[in-house]
Amino acid sequence: METAVVAVALLAFTQPALAGEVHELPGAAMSLWWALPFAGLLLSIATGPLLFPHLWEHHYGKIAAAWAALAVVPLAIVFGVPTAGEAVLHTLLTEYLSFIVLLFALFTISGGILVAGNIHGTPLVNAGLLLVGALLASVIGTTGASMILIRPILRANDNRPFNAHVVVFFIFLVSNIGGSLTPLGDPPLFVGFLGGVDFFWTTTNLWRETLFTGGLVLVVFLALDIVLHRREAGAPKIKDPTPDSKVRIRGLANLPLLAGVIGAILLSASWKPGISIPVFGVGLELQNLARDAIILGLALLSLRVSYKSHREANGFRWGPIAEVAKLFACIFICIVPVIGILKAGLGGALAPLVSLVTSANGQPNDLAYFWLTGALSSFLDNAPTYLVFFELAGGDAHHLMTEAASTLAAISAGAVFMGANTYIGNAPNFMVYAIARHRGFKMPGFFGYMAWSGLVLVPTFLIAGFLFF
């Protein structure tokens, strides 16, 4: 709740001020010093669990809120309360609110679906589960697919001495790459859908990139898992805490609720009543409010219709979603000045990066769009990062889907694929990490995970970039 204190304080001080004219942060006048709170928050997330785990476990919310305050207070002092308040509130109310409502719903509903029983986590079984999860990610989202399948794959591998790599590749494929084929798969593609990109555009334009990237990563996993599985044959046996048994899917009443979440998202994209409701001076579209209300209602309904025993068997706890909610609230706040600088384009402090996306003849550099969108999506939230580069490429959905299709494909692939590079690149990453850690898996730390992504994903992306962009 520490993060809420910052937001409530802002609301109290800015509500009267925001009733007037619209204000924007002057990104062109902002130096890179404004990115310091964001960098500090990232460093805290990276080093806290390693250097001071006990303190971090009990006070991570307060630490994150302190960095958020260091971002908000100077903005208010330098640019004024109305400008700073509107920028932060706009991010919290139009982006973070929908973001966390959707994650909460998918986490809650999928937590009521129990894949009961257990199968032994052999290399072929693990590869099959990863493939199913990757395909499912574009249908019910990376969060939904991750929450449904992470516990079965943990149970399948909980008696193996070497099992952390299974979760790492799960994050690569199910929590990220697999969600690249529809706007339902990952938030940045949903942002593009709301901006006018056709629903099936990503399906028809990214299937080659997705098939190659996902297929190559899956092959690497299978080879590695075979080697480790053979090495385990000579190791002391670990008693299986979840012996093999017949697999059954329980909690089927939650499946229509997942379908309802998908329907609510499609409704908000197709129903445009043109009504905006001011909330603390920030205009919220009626269709978006209705979508979030429906999704939240479906999540609460799931708690009523699900058996408590199913959630207990899943090891369902509120800890992971609470951790994501607190940390990402502060991340959304701290990236406000960073996004402001990026929006300034060539006139901002990040001009050297922005200039890289345009070639000498003035044409878009697709490879640079792929890598810059991806690199920033590895550390910033990938939805606003996608939006920034979408706007830098012209912001005209029709033009980007036709004449500049390769550029839009590069932006889309970079935002979705490279969200797998760090634990904070995409929300399901951190949720999967938290669940695995709570189940006793010895997961790599922030930099340890980046070593995995550097060895597996970066070479894969280098090849994909050369082939497609």
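**A residue and its surroundings**

Reply: Leu284 has its place in strand β4, where strands (E, at least two residues) and helices (H or I, at least four) are DSSP runs numbered from the N terminus. This is a predicted model, in which local features need pLDDT of at least 70, side-chain atom pairs count only at pLDDT 80 or more, and totals for chains, interfaces and linings use all residues. Residues are numbered from 1 along each chain as its sequence is written, and side-chain values use heavy atoms, with hydrogens and water left out.

Me: Is Leu284 buried or exposed?

Reply: Leu284 is buried, at a relative accessible area of 7%, given that buried means under 20%, exposed over 50% and partly exposed in between (1.4 Å probe, protein chains only).

Me: And what does Leu284 touch?

Reply: Leaving out residues up to four places away in sequence, Leu284 touches Leu93, Thr94, Ile275, Ser276, Ile277, Val279 and Leu289, a contact being heavy atoms within 4.5 Å. Leu93 lies 191 residues from Leu284 in sequence, but their C-alpha atoms are 7.8 Å apart.

Me: Which strand is joined to β4?

Reply: Strand β3 (residues 276-279) runs antiparallel to β4 (residues 282-285), with four bridges joining them; strands pair if DSSP finds at least two bridges between them. Ser276 stands opposite Glu285, and in the turn of this hairpin Phe280 has a positive phi of about 55 degrees.

Me: Changing topic, how many residues of α17 are buried?

Reply: Twelve of the 13 residues of α17 are buried, including Leu408, Ile411 and Phe417.
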